[in-house]
Amino acid sequence: MGMNDELRDLYNAWKVVLPQNQQPPRDLGPPYLVKVTPDYEISPKRVLVIGQEDYGWKWSTRELSDDLTGYTYKENGKEWPHLPIESWGDFIEQPNSVDALMYGCEIFEFGKEQPKSFNSPLWQRFRDITNQGDIGAFTNLDRASYFDGERSGTIPDGPVREYLTTQDFPDPEAKLLLREIQILGPTVCIFLTGHGSDHLIEAALPKVEFEECVTNLPREQIARVCGPGLPLASYRTYHPGHLSRCAKGFYLDLICKDIARQASSKAAVEPNA
């Protein structure tokens, strides 16, 4: 069974445990579901990037466009073949929503088909550290984005946050994010979530710890993330947009240097590697 088959089974099992009889907040968008590329699946080096939330992830013929450029997927031979999935409720109610959203991930191609996304700091740095996406996969810590009537954004504290934090498998050893990581088998894992979301990482991953990894930088800025199921090269820092605004874009470069240093140290003690 390939990675995408395992992910599909995982997401369908997860969908079953969601409270079918509990009305989701109408302001929640549908979840981002991963579908990996063939290159990722066969690569010995795999980078999994984990963001905070998807910041407005919805799928319909109307959404498959870029108003600023007049670009549409349909012009490039890609048209949304499913019913619209524009909310968490749509995801729960539609029987084929897992296949639909995994297809959405596939045709999104890490922003390649949307000029306004392609040029964003997130996807620019994603391409930098994943060989243009060939060895990269992406998922989110929060399973949905929040829309307040004007713009998408981080889930606010309160009833919406309380609802979303219940949307997981009850077994602490089988949480959705942990199972994604196990299936995807990354050699590098980078959380672009900021230290303010460390409590969400702790809720999603058992026995996780944050350690200092760069001299003279506190772990609130850059941390090595340690815990069962995570690769040794696991890190947490801020979103590239935040790093760019604060003139700290080099933080990701420091992480890449630490990864290279670890690889060199490992090769030195494993001469046959």
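**Close-up views of a predicted model**

Of the 273 residues of the protein chain, 51% count as buried. The model is predicted.

View 1. Among contacts with a separation of 6 or more, 69% join residues 24 or more positions apart. The chain exposes about 13500 Å². Carbon and sulfur atoms supply 51% of that area.

**View 2. Six strands form an open sheet.** The strand order is E4-E1-E7-E10-E9-E8, and the pairing is mixed. Strands E4 (136–140) and E8 (209–212) stand at the edges. Each has a single partner strand, so one side of each is left without a neighbour in the sheet. From one strand to the next, the twist averages 25°.

**View 3. Strands E9 and E10 run antiparallel.** E9 covers residues 223–226 and E10 covers residues 233–237. Two bridges join them. Ala223 has Arg236 of E10 as its bridge partner.

**View 4. Helices H6 and H8 meet the sheet at E1, E4 and E7.** Helix H6 (residues 121–129) lies across E1 (47–51), E4 and E7 (188–192). H6 runs at about 140° to E4. Helix H8 (residues 176–184) packs on the sheet and touches E1, E4 and E7. The direction of H8 makes about 160° with that of E1.

**View 5. The largest nonpolar core holds 78 residues.** Tyr11, Trp88, Phe91, Phe191 and Leu205 touch the most other members. Helix H4 (residues 97–108) gives the largest share of this core, seven residues. Beyond its neighbours within four places in sequence, Tyr11 is in contact with Leu33, Val34, Val98, Met102, Leu176 and Glu180.

**View 6. Trp14 and Trp88 form an edge-to-face pair.** The count of aromatic pairs comes to 11. In the Trp14–Trp88 pair, the centres are 5.9 Å apart, with 90° between the planes. Trp14 lies in helix H1 (residues 3–17) and Trp88 in helix H3 (residues 88–93), so the pair ties together parts that are 74 residues apart in sequence. Both Trp14 and Trp88 are buried.

**View 7. Phe110 and Trp123 form a tilted pair.** Their ring centres are 5.9 Å apart and their planes stand at 35°. Phe110 lies in the loop between H4 and helix H5 (115–118), and Trp123 lies in helix H6, so the pair ties together parts that are 13 residues apart in sequence. Phe110 has a relative accessible area of 14% and is buried. Trp123 is also buried, at 7%. Ring pairs link Tyr32, Phe108, Phe110, Trp123, Phe126 and Phe138 into a cluster.

Definitions and conventions
Residues are numbered from 1 along each chain as its sequence is written. This is a predicted model: local features need pLDDT of at least 70, side-chain atom pairs count only at pLDDT 80 or more; totals for chains, interfaces and linings use all residues. Side-chain values use heavy atoms; hydrogens and water are left out. A nonpolar core is a set of buried Ala, Val, Leu, Ile, Met, Phe, Trp, Tyr and Cys residues joined through side-chain atoms within 4.5 Å. Buried means under 20% relative accessible area, exposed over 50%, partly exposed in between (1.4 Å probe, protein chains only). Helices (H or I, at least four residues) and strands (E, at least two) are DSSP runs, numbered from the N terminus. Contact means heavy atoms within 4.5 Å. Accessible areas come from the Shrake-Rupley method with a 1.4 Å probe; for residues, only the protein chains shown count as cover. Two strands pair if DSSP finds at least two bridges between them. Axes are lines fitted to C-alpha atoms, for helices over the stretch in contact, and angles run from 0 to 180 degrees between N-to-C directions. Rings of Phe, Tyr and Trp (its six-membered ring) pair if their centres lie within 6.5 Å; planes under 30 degrees apart count as stacked, over 60 as edge-to-face and the rest as tilted.
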